[in-house]
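Please keep the sequence and the structure in view while reading.

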Amino acid sequence: VSTQSTWAHFGLWCVVSSPLVLGMNMANDKLMDKVWPIISNREAIAVNQVWAGDAGRLVANATETVTLTLEYDEWAEVRMQDTSRTHIEAPAWQVWAKPIGGVPGNELAMRYAVVIVNIDDTPHTVELDLGTMGMSCASVRDVWDHKDLGVAKHTYTARDIPAHDSVFLTLTPSGCGN
């Protein structure tokens, strides 16, 4: 599994409130060095642990599809038994979101964690409609890089998401300003 895919998988597990279980050889220093920045990300773990009424859900996906080839997965050590199902169609990208609690002082304004996953072998730019989460404007924070990205008005555009990679954000409702 590529490092980009590992970021995407972990982000999705966090947004859908999945139990975070490590099924790998933790004595493998090379592997631990690769995944440590991912599995020790406190902001991502906080998203996983918060419960604001429901787990994450699919909120958008591409109309463009890609064909995925299912092959031997060395990490999971699983082989496809039914070789007639080695190719499946999937959307080129997906957006998953999870409510993560109210805004202090305005508990009716819900904050969200969002993972945008590029399933394709080529980069994609994805425009997220903030109205999907009941927002017109939102303060955007990058969970992976621990950086505030400013205020998005009506949409947030994730540009050139690399193949099999993801963008992990938190969105907090905010005023749109001028």
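Rings of Phe, Tyr and Trp (its six-membered ring) count as a pair if their centres lie within 6.5 Å, and planes over 60 degrees apart make the pair edge-to-face. In this predicted model, ring pairs join Trp7, Trp144 and Phe168 into a cluster. The whole structure holds three aromatic pairs.

**Aromatic cluster**

- Trp7 and Trp144 form an edge-to-face pair, with 4.5 Å centre to centre and 75° between the planes.
- This pair links distant parts of the chain, 137 residues apart: Trp7 belongs to helix H1, and Trp144 to the loop between strand S7 (137–142) and strand S8 (147–153).
- Trp144 has a relative accessible area of 11%; buried means under 20%, so Trp144 is buried.
- The ring centres of Trp144 and Phe168 are 5.1 Å apart and their planes stand at 75°, so this pair is edge-to-face.
- Phe168 is buried, as is Trp144.

**Helix H1**

- Helix H1 covers residues 3–15, and at 1.5 Å a residue its 13 residues should span 18 Å.
- The buried residues of H1 are Ser5, Thr6, Trp7, Ala8, Phe10, Gly11, Cys14 and Val15; one of them, Trp7, belongs to the aromatic cluster.
- Ser17 follows H1 and has a positive phi, near 60°.

Methods: Residues numbered from 1 in each chain as written. Predicted model: local features only at pLDDT ≥ 70, side-chain atom pairs only at ≥ 80, totals over all residues. Heavy atoms only, no water. Helix = DSSP H or I, 4+ residues; strand = E, 2+ residues; numbered from the N terminus. Expected span 1.5 Å × (residues − 1). Buried < 20%, exposed > 50% of the residue type's maximum accessible area, 1.4 Å probe, protein only. Phe/Tyr/Trp six-rings, centres within 6.5 Å; stacked < 30°, edge-to-face > 60°.
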